[in-house]
Amino acid sequence: MSVQNTDDLNLIKRFKNGDASAFGEIVNKYQDKIYNLCRYMLGNVADAEDAAQDVFLKAYQALPKFQPDASLYTWLYRIATNTCIDYKRKPIWESLFGSSEEGEKLIHDIASDAPSPEKLYQAKQIDQALQAGLAKLSPKLRAIIILKEIEELSYEEIAATLDISVGTVKSRIARAREDLKKSMKYFREQNSDSSV
């Protein structure tokens, strides 16, 4: 049984029949979700942008052979997850530099605007705790918790995306949640001690 979205099937058919604009529609439909997945998995804006581009490049190259056994959405998430795991394997210093018209430059993430300094500080603390916790998880646990908690995929969609059983999904989610809870609790304790 196919879980394909009818719109996605039409886009795939148009693309396979030579309509390149159909792929542009696929990118427009899924680019934010793929970027967000990459951002949470990699924790770095520049790497997330690069990874998201790589995901769509890989999808473009593989789409002519795509068989709709799973949804297009699930297929793209599988490509994104695997791409992010590959990015996590590259040396850390490669993530610190980006290219510009002037050549290589040091990059950094800029905090978003917040209505008040207190809310900005709170959001930054929560984000730091979450990023620290996610960074400590193995790539498999990180991928699974992001797909469940941030991208809000069902157990079945995660199982299809990662090509594992639903039981494995549930056990990895439980383990990831427990590890994240411990990491965030430790982070809070460390920061409350240092602010006194």
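F15, F23 and Y60 form one aromatic cluster. Here the rings of Phe, Tyr and Trp (its six-membered ring) are paired if their centres lie within 6.5 Å; planes under 30 degrees apart count as stacked, over 60 as edge-to-face and the rest as tilted. By this rule the count comes to six aromatic pairs. The model is a predicted one, in which local features need pLDDT of at least 70 and side-chain atom pairs count only at pLDDT 80 or more, whereas totals for chains, interfaces and linings use all residues. Residues are numbered from 1 along each chain as its sequence is written, and side-chain values use heavy atoms, with hydrogens and water left out.

A pair of aromatic rings is described by the distance of the centres and the angle of the planes. Y30 and Y73 form a tilted pair, at 5.8 Å centre to centre and 45 degrees between the planes. Y30 lies in helix α2 and Y73 in helix α4, so the pair ties together parts that are 43 residues apart in sequence. Helices (H or I, at least four residues) and strands (E, at least two) are DSSP runs, numbered from the N terminus. The rings of Y73 and Y77 have their centres 4.7 Å apart and their planes at 50 degrees, so this pair is tilted. Y73 and Y77 both belong to helix α4 and are four residues apart, about one turn of the helix. Y73 counts as buried because its relative accessibility is 13%, and Y77 counts as buried at 0%. Buried means under 20% relative accessible area, exposed over 50%, and partly exposed in between (1.4 Å probe, protein chains only).

Just after α1, G18 takes a positive phi of about 100 degrees.

The largest nonpolar core has 46 residues, of which I34, L63 and L76 touch the most other members. The elements that give two or more residues to this core are α1, α2, α3, α4, α7 (139–150), α8 (155–162) and α9 (166–194). Such a core is a set of buried Ala, Val, Leu, Ile, Met, Phe, Trp, Tyr and Cys residues joined through side-chain atoms within 4.5 Å. Leaving aside neighbours within four places in sequence, L76 is in contact with I26, Y30, I34, V55, F56 and A59.

T81 is placed in helix α4 and is buried, with a relative accessible area of 1%. Not counting residues up to four places away in sequence, T81 touches L37, M41, A143, L147, T161 and L162.

The charged end of K148 sits over the ring of Y155, 4.6 Å from its centre; the criterion is NZ of Lys or CZ of Arg within 6 Å of the ring centre and within 35 degrees of the ring normal. R188, in helix α9, counts as exposed at 55% relative accessibility. The C-alpha atoms of R188 and I126 are separated by 9.0 Å, and these residues are 62 apart along the chain.

Terms used. Contact means heavy atoms within 4.5 Å.
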